[in-house]
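Please read this briefing alongside the sequence and the coordinates, taking the topics in turn.

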Amino acid sequence: YATGYNSFYQLGLGDYINRTVPTLIQSSIFNNATISAISAGYTQSLFLTSAGEVYSTGVNSNGQLGLGDYINTTVPTLIPPSTFNNAIVAISAGYYHSLFLTSVGAVYSTGYNEQGALGLGDTSFRLVPTLIPSSGFNNATIVAISAGYIHSLFLTSAGTVYAAGGNGY
């Protein structure tokens, strides 16, 4: 179910009408897969299936949907599973970027990167999820991710936290 502001199509209901009550997103959009996790960003929403696949919807002005283009979507659209080397186990939608954690602790990022929030060592935007080199985490296994406004946080299995992106506040 989705509710709230929808001017960016982020509710995934096929339109840009705001909702004041929870409205069902039809399971047929997800090929009747079971949704196991959701993440609401500013302009986009992410949906994780129990099979480790990810759907995204909303505005795609910075590539935050991870679909390889700048085209907005009004309904959840599958990110090609071949984009990732393993099944996705966690998702996080930020302001204009998205993060994806795989079953082996690898992290992918896509979208807005002006402040380096994607953790890729540069400030180039990405249109498809791009693997963050494990060397950026001293080869530690990542177990949790969180995408913020223009920053990202990464938690390792040893309890160490890494951060990337804007730090102006």
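**Briefing on a predicted model**

Leaving aside its neighbours within four places in sequence, Ala140 is in contact with Ser134 and Thr156.

**Nonpolar cores**

- The largest nonpolar core is made up of 12 residues, namely Leu99, Leu101, Val107, Leu118, Leu120, Ile132, Phe137, Ile142, Ile145, Ala147, Phe154 and Ala164.
- Two or more residues of this core come from each of strand 8 (97-102) and strand 11, and strand 11 gives the most, with three residues.
- Apart from this core lies another one, of 10 residues, which has Phe84, Ile91, Ala93 and Tyr108 among its members.
- In soluble globular proteins, nonpolar side chains tend to be buried together.
- Ala164, a member of the largest nonpolar core, is in contact with Gly116, Ala117, Gly119, Ile150, His151, Ser152 and Phe154, when its neighbours within four places in sequence are left aside.

**The largest pocket**

- The largest pocket holds about 340 Å³ of space, and of the 18 residues that line this pocket, the closest to its centre are Tyr1, Ala2, Ile25, Ile38 and Phe47.
- Strand 1 (2-4), strand 3 and strand 4 (44-49) each supply at least two residues of the lining of the largest pocket, with the largest share, four residues, coming from strand 3.
- By residue class, the lining of the largest pocket divides into 12 nonpolar residues, six polar residues and no charged residues.

**Residues in strands**

- Ser39 lies in strand 3 (residues 35-40), and because its relative accessible area is 14%, which is under 20%, Ser39 counts as buried.
- A polar atom of the side chain of Ser39 lies 2.8 Å from the backbone nitrogen of Ala93, and Ala93 is also among the residues of the 10-residue core.
- Leaving aside neighbours within four places in sequence, the contacts of Ser39 are Gln44, Ser45, Leu46, Ile91, Ser92 and Ala93.
- Val75 lies in strand 6 (residues 73-78) and is partly exposed, with a relative accessible area of 30%.
- When residues up to four places away in sequence are not counted, Val75 touches Gly12, Leu13, Gly14, Ile29, Ser56 and Thr57.
- The C-alpha atoms of Val75 and Gly58 are 7.6 Å apart in space, while the two residues are 17 residues apart in sequence.

**The loop between strand 9 and strand 10**

- Asn113 is found in the loop between strand 9 (107-111) and strand 10, and Asn113 counts as buried because its relative accessibility is 0%, under the 20% limit.
- The side chain of Asn113 has a polar atom 3.1 Å from the backbone nitrogen of Ala117, and a polar atom of that side chain lies 3.0 Å from the backbone oxygen of Ser124.
- Not counting residues up to four places away in sequence, Asn113 touches Leu118, Gly119, Asp122, Thr123, Ser124, Phe125 and Arg126.

**The loop between strand 1 and strand 2**

- Tyr16 lies in the loop between strand 1 and strand 2 (19-23), and because its relative accessible area is 55%, which is over 50%, Tyr16 counts as exposed.
- Leaving aside its neighbours within four places in sequence, Tyr16 is in contact with Asn6, Ser7 and Tyr9.
- The C-alpha atoms of Tyr16 and Tyr5, residues that are 11 residues apart along the chain, are separated by 8.4 Å.
- Tyr9 is placed in the loop between strand 1 and strand 2 and counts as partly exposed, at 22% relative accessibility.
- Phi of Tyr9 is near 65 degrees, a positive value in a residue other than glycine.
- Most residues other than glycine have a negative phi.

**The loop between strand 10 and strand 11**

- Asn139 is found in the loop between strand 10 and strand 11, where its phi is near 65 degrees, a positive value in a residue other than glycine.
- Asn139 is exposed, with a relative accessible area of 57%.
- Ala140 is placed in the loop between strand 10 (126-131) and strand 11 (142-147), and Ala140 is partly exposed, with a relative accessible area of 27%.
- The C-alpha atoms of Ala140 and Phe47 are separated by 26 Å, and these residues are 93 residues apart along the chain.

Key. Residues numbered from 1 in each chain as written. Predicted model: local features only at pLDDT ≥ 70, side-chain atom pairs only at ≥ 80, totals over all residues. Heavy atoms only, no water. Buried < 20%, exposed > 50% of the residue type's maximum accessible area, 1.4 Å probe, protein only. Contact = heavy atoms within 4.5 Å. Polar contact = N/O pair within 3.5 Å; in protein donor to acceptor, adjacent residues only side chain to side chain. 1 Å grid on protein atoms, 1.4 Å probe; cavity = no way out; pocket = protein on both sides within 12 Å on 5 of 7 lines; lining within 4 Å. Points joined across faces, edges and corners; volume = space filled by probe spheres on them. Nonpolar A, V, L, I, M, F, W, Y, C, P; charged D, E, K, R; others polar. Core = buried A, V, L, I, M, F, W, Y, C linked by side-chain atoms within 4.5 Å.
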